[in-house]
Amino acid sequence: MNDRADLRQRFRSIKTWKSGDQRAPHKPLLLLMALAEVQRGGDRYLTFESIRDRFKALSAEFGHPNRPGRLDYPFWRLLNDGGLWEIPEREQIATFGKGINKSGDVSQKALLENRARGGFSESVYQQLHADGDLVNDIVGQILDGQFPTSLHAAILDAVGMPWVMTGRARQEAERNPRSANFRPTMIRLYEHRCAMCGFECRLGGADLGLEAAHIKWHAAHGPDSPDNGLLLCSIHHLALDRGAVGISEDRRILVSQHLYGGSGSDQWIVDLTNQPLRMPIDQTAAPASEFIAWHQEEVFRRPQR
């Protein structure tokens, strides 16, 4: 295995907390912040204090809706991932009274009082710093593995990643192929209309602004099956993936209380509160309860209106 492939594999092997299909995006979000810093030519180390508020905002926007992320966990636990990450103050913190608990985790107080810094090891940093394409590829690998495509551009903007994620050498299809029939199937089942607002638009024979959405994200191993899909306009696809809208057990539209805006948000989203989803022409393809439950727990931003 060459050095580039080895480093990609080391990032791919990073341990994240797992419990069934629950999301654990905190390490990936911190890594994206650090990789963006490398790509911008910034410092090798990020100080815990300087990025704590940025990480909190990033986690609130793209992390788990019901389990707010704390920076101290991924910042410290990345030390256990194959020598990718280091904290120069590690030994100093280890002698800091009760800085490290019985589980091996560290307190925020210890990180702050010891002015802890975290970053890639020297060899990893130098390899990344010298190979912007490799950084780009690893960022794409993390995004594909953790988030739906509809969120990628917003996440890149939020972490300040200066490269556009196009033309990546590694394609998600190599390990988790998507069905080429998924979108055509959803278009047929939902009769060329958004399942939430009924939007329908065609240019000649082509549908415009309609997308096949996964209820349980493809990145979370949601299948390309019709009962895990909806045909949505681009606005409601993004709203579903961001947790602004959800689906109730009786197939009605949930709208988050965290959503606000002017007349456009009322017209396009808020007014759909508790309205029934349009159902597919084949009732066996209706959204399955197991995927609805996953979205409610892992994505939808409670409470509902």
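Colleague: Which residues does Arg252 touch, not counting residues up to four places away in sequence?

Modeller: In this predicted model, Arg252 is placed in the loop between strand 8 and strand 9, and at 29% relative accessibility it counts as partly exposed. Its C-alpha lies 13 Å from that of Asp271, a residue 19 places away in sequence. Leaving aside residues up to four places away in sequence, the residues that Arg252 touches are Gly246, Ile247, Asn274, Gln275, Pro276 and Leu277.

Colleague: Is His26 buried or exposed, and what is its relative accessibility?

Modeller: His26 lies in helix 2, which covers residues 26–39. Not counting residues up to four places away in sequence, His26 touches Phe55, Ser59, Arg67, Pro68, Gly69 and Pro74. The cut-off for a buried residue is under 20% relative accessible area, and His26 therefore counts as buried, with a relative accessibility of 18%.

Colleague: Which parts of the chain are linked by the salt bridge between Asp137 and Arg8?

Modeller: The closest N and O atoms of Asp137 and Arg8 are 3.3 Å apart, and both of these residues are buried. The two positions are 129 residues apart, so that the pair links distant parts of the chain, namely helix 8 (residues 132–146), which holds Asp137, and helix 1 (residues 3–12), which holds Arg8.

Colleague: How many residues apart in sequence are the parts that Arg278 and Glu191 tie together?

Modeller: The side chains of Arg278 and Glu191 meet in a salt bridge, with an N to O distance of 4.0 Å. Arg278 belongs to the loop between helix 12 (263–268) and helix 13 (289–298), whereas Glu191 belongs to the loop between helix 10 (182–189) and strand 4 (202–203), so the parts tied together by this pair are separated in sequence by 87 residues.

Colleague: Against which elements do the buried residues of helix 13 pack?

Modeller: The buried residues of helix 13 are Phe291, Ile292, Trp294, His295, Gln296 and Glu298. The elements against which these buried residues pack are helix 11 (234–242), strand 8 (245–247) and strand 9 (253–255).

Colleague: What is the radius of gyration of the protein, and how does it stand against that of a compact globule?

Modeller: The protein has 13 helices and nine strands, and its C-alpha trace spans about 65 × 40 × 35 Å along the principal axes. A compact globule with 305 residues would have a radius of gyration near 19 Å, and the value for the protein agrees with this, being 21 Å.

Colleague: What percentage of contacts between residues at least 6 apart in sequence join residues at least 24 apart?

Modeller: Of the 305 residues of the protein, 49% count as buried, while the accessible surface comes to about 14,800 Å², with 48% of it belonging to carbon and sulfur atoms. Among contacts between residues at least 6 apart in sequence, the share joining residues at least 24 apart is 74%.

Colleague: How far apart do the centres of the positive and negative side chains lie?

Modeller: The structure holds 16 salt bridges. The protein has 38 positive and 38 negative side chains, and the distance between the centres of the two sets is 4 Å.

Terms used: Residues numbered from 1 in each chain as written. Predicted model: local features only at pLDDT ≥ 70, side-chain atom pairs only at ≥ 80, totals over all residues. Heavy atoms only, no water. Helix = DSSP H or I, 4+ residues; strand = E, 2+ residues; numbered from the N terminus. Buried < 20%, exposed > 50% of the residue type's maximum accessible area, 1.4 Å probe, protein only. Rg over C-alpha atoms; globule rule 2.2 N^0.38 Å. Contact = heavy atoms within 4.5 Å. Areas by Shrake-Rupley, 256 points an atom, 1.4 Å probe, with all protein chains shown as cover. Lys, Arg positive; Asp, Glu negative; His and termini not counted. Charge placed at Lys NZ, Arg CZ, Asp CG, Glu CD.
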